Amino acid sequence: MEPLIATQDLKKVYRVGKVEVHALRGVDLVVQEGEFVAVVGPSGCGKSTLLHILGGLTPPTSGRVLVDGNDFMAMSDAERTRFRRHKIGFVFQRYNLLPTLTARDNIRIAQHIQGNGFNPHRFAMVTEMLGIADKLNRKPYALSGGEQQRVAIARAIICEPKILLADEPTGNLDSENSQIVLNMLRTLNRTFRQTILMITHNPEAAAVADRIVRMRDGRIVGS
Amino acid sequence: MIVENVLHRPIRTLVSILAVAIEVGMVMLVVGMTHGLLNEYAKRVEGVGADVMIQPPNASFFFGLSSAPMPVKIADRLAELPHVLAVTPVLFQSYSTGGVPIIVYGIDMPSWNRVTGGFVYLQGGPFRGPNDILVDDIYARDNHIRLGQTLNVYQDFQVVGIVEHGKGSRLFIPLATAQDMAGAHDKASIFYVKCVDPAYTDSVIASVRQLLPNYTVLSIKQFMTLVTSNDLPALTAFITALIAVAVCIGFLVIFLSMYTTITERTREIGILKSLGASKAYIIQVILREAALLCLVGIVAGIVGTIVAARVIQSSFPTISVDLTPLWGLRAAALALAGALLGAFYPAFRAARLDPVDALAYE
């Protein structure tokens, strides 16, 4: 079966002023559809850069990236944006909800951007599953961290993305809320075969994944 | 999202709306007051009741101002032309009350009465001496002028009559006095000609042009069309300059407002990009926000202008403000264009933000 994500000798070099920063030094990664993969490693090892490249937020410098059969090296910025809109869902450590919108509108804006219109059945199913149906009229400042992260997960999956990319989703949460969020990710993966790639520092969080990928100095050092 | 964003920063929103409202109000009031002044003047000239007006060569038809008045004796030759019923000379004396310009008419009462049919005296009566002045009812009410009081128009005059408004000017003094004041003996600024029948107007104009080849000769109807056409060359530059200033104010405030918005919301723009929002989507969000601010500002500006016009007219009855829907639309279109132009660069800049950098923005 064709893997959903496949990278070969993936490299990313940032320029900070005149200094070149080698964030990725040749990453080879394969993720099958329906897999739940945790990427662990120390700060600065290139985990977030890998996630950003796989989500089409930034282009790689060299190497090969195939995501759902799309070669990111051959795609323009607009094409990667379109791909991200339809195939990728992001969950961030800091939730990244739009502060002026209610939980309901934060979720609906993803559907609005995707342009397929509002799907009330999907909306009700997702918000029920994540336990936020009674908090939809609240703005982010009126939600706890765990609730905000659940809204962020709802926003990420409302459009049924092929891949859910989670960047330290429990990094800002206490252990109880962390467990709730991890359970939800696990449920999403088990129930809907949602492919998830999750970055984490937390070994307990990584343990819920099917597979753990270890990174160091811009390379994968163990899997 | 647009409405929530606008409400999120109420002071900035209010300042932006106020700037657009001022822009719209400035355009509408300047144009309204200019046209009001002209239209009101044109109506008073029409109210003289003449059919033809004759001015010196190269005189501006606007207020008939000229530094070279005509000899009064021309009136006798004009009166001899076929189909002419009466001719009256008028010497203009410019004056201002509280910053409002007024053209004082120096008139020859017998011929004035023949052309105009005479004043309707609400109080008092015609001139009895050289230092008498007639005042129309609007000017009298506005300036609290009573019959018999002294009124200084470069020199002291006694108010001997308050007349119904609508005939040429608001203040009338004897022609000879006006000539003395101006040092223009036996001169006139304009001749009003009354035909035996308005149907002879063109014929009389042709005769006058033959008699006075270089003079400005207009039928009152032509004059009315020129003054009320909203296209006075002399005023176009003035109005255009003021409109440009107003549009610049709107442009700059919206530009600044949207620019700071973009800076403040860099992270939110990153979030939208992470959700797959295209450059066009981001630009559209920013432009729609600017358009919303602008539309509220336009409504506030139009309402404010209507209120301001009423306050001006009740406080200064001699000032007319002609607010027209056409100029309301033009002011709105200018404000909208200025706002969208002002918002475009910030929107473009937002659209070009790197999503990773934007998401990392603190």
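**Salt bridges and nonpolar packing in a predicted model**

Lys162(A) forms a salt bridge with Asp68(A), in which the closest N and O atoms are 3.9 Å apart. Because Lys162(A) sits in the loop between helix H5 (145-157) and strand E7 (163-167) of chain A, and Asp68(A) in the loop between strand E4 (62-67) and strand E5 (70-71), the pair ties together parts that are 94 residues apart in sequence. The model is predicted, and 13 salt bridges are counted over all chains.

**Salt bridges**
- Lys162(A) is partly exposed at 29% relative accessible area, and Asp68(A) is also partly exposed, at 23%.
- Asp210(A) forms a salt bridge with Arg186(A), with the closest N and O atoms 3.0 Å apart; Asp210(A) is partly exposed at 43% relative accessibility, whereas Arg186(A) is buried at 13%.
- In chain B, the side chains of Glu289(B) and Arg265(B) meet in a salt bridge of 3.0 Å, N to O, and both residues are buried.
- Salt bridges with shared partners join Glu33(A), Asp68(A), Lys87(A) and Lys162(A) into one network.

**Nonpolar cores**
- The largest nonpolar core has 140 residues, and those with the most contacts inside it are Met198(A), Tyr105(B), Trp112(B) and Tyr192(B); its largest share, 10 residues, comes from helix H2 (residues 10-47) of chain B.
- Leaving aside neighbours within four places in sequence, Met198(A) is in contact with residues including Phe36(A), Pro169(A), Leu182(A) and Val208(A).
- A second, separate core of 38 residues includes Leu81(B), Tyr95(B), Ile145(B) and Leu175(B).

**Nonpolar surface**
- Val299(B), Val303(B), Val307(B) and Val311(B) make a nonpolar surface patch of about 340 Å².
- Val303(B) lies in helix H11 (residues 279-315) of chain B and is partly exposed at 47% relative accessibility.

Conventions. Residues are numbered from 1 along each chain as its sequence is written. Chains are lettered from A and ligands numbered from 1 in the order in which they are written. This is a predicted model: local features need pLDDT of at least 70, side-chain atom pairs count only at pLDDT 80 or more; totals for chains, interfaces and linings use all residues. Side-chain values use heavy atoms; hydrogens and water are left out. A nonpolar core is a set of buried Ala, Val, Leu, Ile, Met, Phe, Trp, Tyr and Cys residues joined through side-chain atoms within 4.5 Å. Buried means under 20% relative accessible area, exposed over 50%, partly exposed in between (1.4 Å probe, protein chains only). Helices (H or I, at least four residues) and strands (E, at least two) are DSSP runs, numbered from the N terminus. Contact means heavy atoms within 4.5 Å. Patches are made of residues with over 30% relative accessible area and no salt bridge: like charges are joined within 9 Å, nonpolar side chains (Val, Leu, Ile, Met, Phe, Trp, Tyr) within 5 Å. Accessible areas come from the Shrake-Rupley method with a 1.4 Å probe; for residues, only the protein chains shown count as cover. A salt bridge is a side-chain nitrogen of Lys or Arg within 4 Å of a carboxyl oxygen of Asp or Glu.
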